[in-house]
Amino acid sequence: KPLAGFGIMGYDSAKVVITGVLNAIKANGNKLPTRTQVETSIRGTKLSAGLLTGAINFNSVGDRTSAKMYIIQVKNGAAGKLDFSTAGTVTVTSSKK
């Protein structure tokens, strides 16, 4: 079955959060960081390898600078169930720095 957008975004989101938390712990001398330290670390996360939606960088307001969005097509499937498939992708960029 082809990859669908929801799982892909969840995978990349988890990777950003885990990387940010680990970086906050390191920056805090391997001790439990504060919520603010974790937030700052996540917003400073820059990842380019091992992701499914492209490189992840954040701008000054916390939005991704560029992101691949998946267009999900919904059809009526067998036995009245909905059938979801990826109809395409589009890359969007943020105008804010």
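Helices (H or I, at least four residues) and strands (E, at least two) are runs assigned by DSSP, and they are numbered from the N terminus. The structure shown above is a predicted model, in which local features need pLDDT of at least 70, side-chain atom pairs count only at pLDDT 80 or more, and totals for chains, interfaces and linings use all residues. Residues are numbered from 1 along each chain as its sequence is written, and side-chain values use heavy atoms, with hydrogens and water left out.

The largest nonpolar core has 8 residues in all: V16, A24, V38, I42, L47, L51, I56 and F58. Two elements, α1 (5–27) and α2 (35–43), each give two or more residues to this core. A nonpolar core is a set of buried Ala, Val, Leu, Ile, Met, Phe, Trp, Tyr and Cys residues joined through side-chain atoms within 4.5 Å. Here, buried means under 20% relative accessible area, exposed means over 50%, and partly exposed lies in between (1.4 Å probe, protein chains only). Among the core residues is L47. When its neighbours within four places in sequence are left aside, L47 is in contact (heavy atoms within 4.5 Å) with K15, V16, T19, A55, I56 and N57.

Strands β1 (66–76) and β2 (82–93) are the elements that give two or more residues to the patch.

V90 lies in strand β2 and counts as partly exposed because its relative accessibility is 40%. Y70, in strand β1, is buried, since its relative accessible area is 15%. The C-alpha atoms of Y70 and A87 are separated by 7.6 Å, although these residues are 17 residues apart along the chain.

Two loops remain to be described. Most residues other than glycine have a negative phi. N30, which is not a glycine, has a positive phi of about 60°. N30 belongs to the loop between α1 and α2 and is exposed, with a relative accessible area of 61%. A79 also has a positive phi of about 60° without being a glycine. The loop between β1 and β2 holds A79, which is exposed because its relative accessible area is 77%.
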